[in-house]
Amino acid sequence: MKSFLPKLIALFLISSLAHAQELRSFSNAEGKILHDQLLKYDFEEKIVTLEKSGKIPLKTFSQTDQTYILKWNMVQGFKSTMRFRTTLKKSSWARMKAEKTLTPYWMDAVQFPQKNTPIHKVVLLDDYEEYSALYLEAEGYAIRLRNQNLFPLENIIVESKIFYEQEYFIIPDDMFKSMNPEYTDTITTNKVKFSTENIPIIVPQEEVVVYSHCAI
């Protein structure tokens with residue numbers, strides 16, 4: 001069996017508010033309504049920038065709007081390739097060893113015209129054993145996420161699909177042909193594995209590594 005270099009498609013999602021910017025009705029603690037478009041939020045200064053109304057302190061808004069603004073800012077920080085960095089790196093993180101000991105045998109077979117199945121006799125060679133070992137490696141991708149914002153990012157879902165091929169040797173059904181261990185005919189199978197992982201929070205300057213499925 002042969003495995004080929006796996007390819008990975010990774011998708012990163014974040015909870016709600018990932019839609020395009022649009023006009024929204026904001027309100028303050030006294031219930032005054034303001035129709036405007038959110039442009040920017042300064043996390044350090046706690047200042048909201050609106051398209052028409054300019055800069056307004058966050059505490060001026062109602063509690064519902066404050067929650068919305070903070071989530072909106074989190075999405076913008078997630079979407080920024082400068083403030084939220086993602087890298088993919090092919091990785092090998094597991095190795096397996098399949099061992100077996102075989103007792104070779106000698107087979108005497110005779111085909112009679114009147115019979116469809118050959119008459120055969122198998123004699124095990126008890127005084128001789130043959131050892132073989134097969135080493136298998138698990139190859140996949142390390143997905144490295146780094147939050148370079150000044151605020152934490154929450155509820156990040158990492159989804160990945162890994163595509164790979166496996167090649168198998170075809171063992172003939174014919175009893176006499178299958179006695180020859182030098183198989184050359186192969187068949188290729190396309191495979192895909194899907195994985196998903198939820199990251200509750202990534203604090204500022206934190207780096208998190210998750211792994212895709214692997215191809216054996």
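Patches are made of residues with over 30% relative accessible area and no salt bridge; like charges are joined within 9 Å, and nonpolar side chains (Val, Leu, Ile, Met, Phe, Trp, Tyr) within 5 Å. Accessible areas come from the Shrake-Rupley method with a 1.4 Å probe, and for residues only the protein chains shown count as cover. Here Tyr168, Ile170 and Ile187 make a nonpolar surface patch of about 250 Å².

This is a predicted model, in which local features need pLDDT of at least 70, side-chain atom pairs count only at pLDDT 80 or more, and totals for chains, interfaces and linings use all residues. Residues are numbered from 1 along each chain as its sequence is written, and side-chain values use heavy atoms, with hydrogens and water left out.

Tyr168 belongs to strand β11, residues 153-169. Helices (H or I, at least four residues) and strands (E, at least two) are DSSP runs, numbered from the N terminus. Tyr168 is partly exposed, at a relative accessible area of 30%. The burial classes are these: buried is under 20% relative accessible area, exposed is over 50%, and partly exposed lies in between (1.4 Å probe, protein chains only).

**Salt bridges**

Side chains of opposite charge can pair when their charged atoms come close. A salt bridge is a side-chain nitrogen of Lys or Arg within 4 Å of a carboxyl oxygen of Asp or Glu. The structure holds two of them.

| Pair | N to O distance |
|---|---|
| Arg24 and Asp65 | 2.9 Å |
| Arg144 and Glu207 | 3.1 Å |

Arg24 is partly exposed at 24% relative accessible area. Asp65 is buried at 3%.

The other salt bridge joins Arg144 to Glu207. Arg144 lies in strand β10 (residues 130-147) and Glu207 in strand β13 (residues 207-211), so this pair ties together parts 63 residues apart in sequence. Both partners are partly exposed: Arg144 has a relative accessible area of 34%, and Glu207 has 41%.

**Helix α1**

Buried residues in α1 include Asp65, Tyr68, Ile69, Trp72, Val75 and Phe78. An α-helix has 3.6 residues a turn, so residues three or four places apart point the same way.

Thr49 lies in strand β5, residues 47-50. Is Thr49 buried or exposed? Thr49 is buried, with a relative accessible area of 18%. Contact means heavy atoms within 4.5 Å. Leaving out residues up to four places away in sequence, Thr49 touches Gln37, Leu38, Leu39, Lys40, Gly54 and Lys55. Leu39 is ten residues from Thr49 in sequence, and their C-alpha atoms are 5.6 Å apart.

**Positive phi**

Most residues other than glycine have a negative phi, and most peptide bonds are trans. Asn155 is not a glycine, yet its phi is positive, about 55 degrees. Asn155 lies in strand β11 and is partly exposed, at 37% relative accessibility. Gln205, also a residue other than glycine, has a positive phi near 70 degrees. Gln205 is placed in the loop between β12 (186-202) and β13. At 43% relative accessibility, Gln205 counts as partly exposed.
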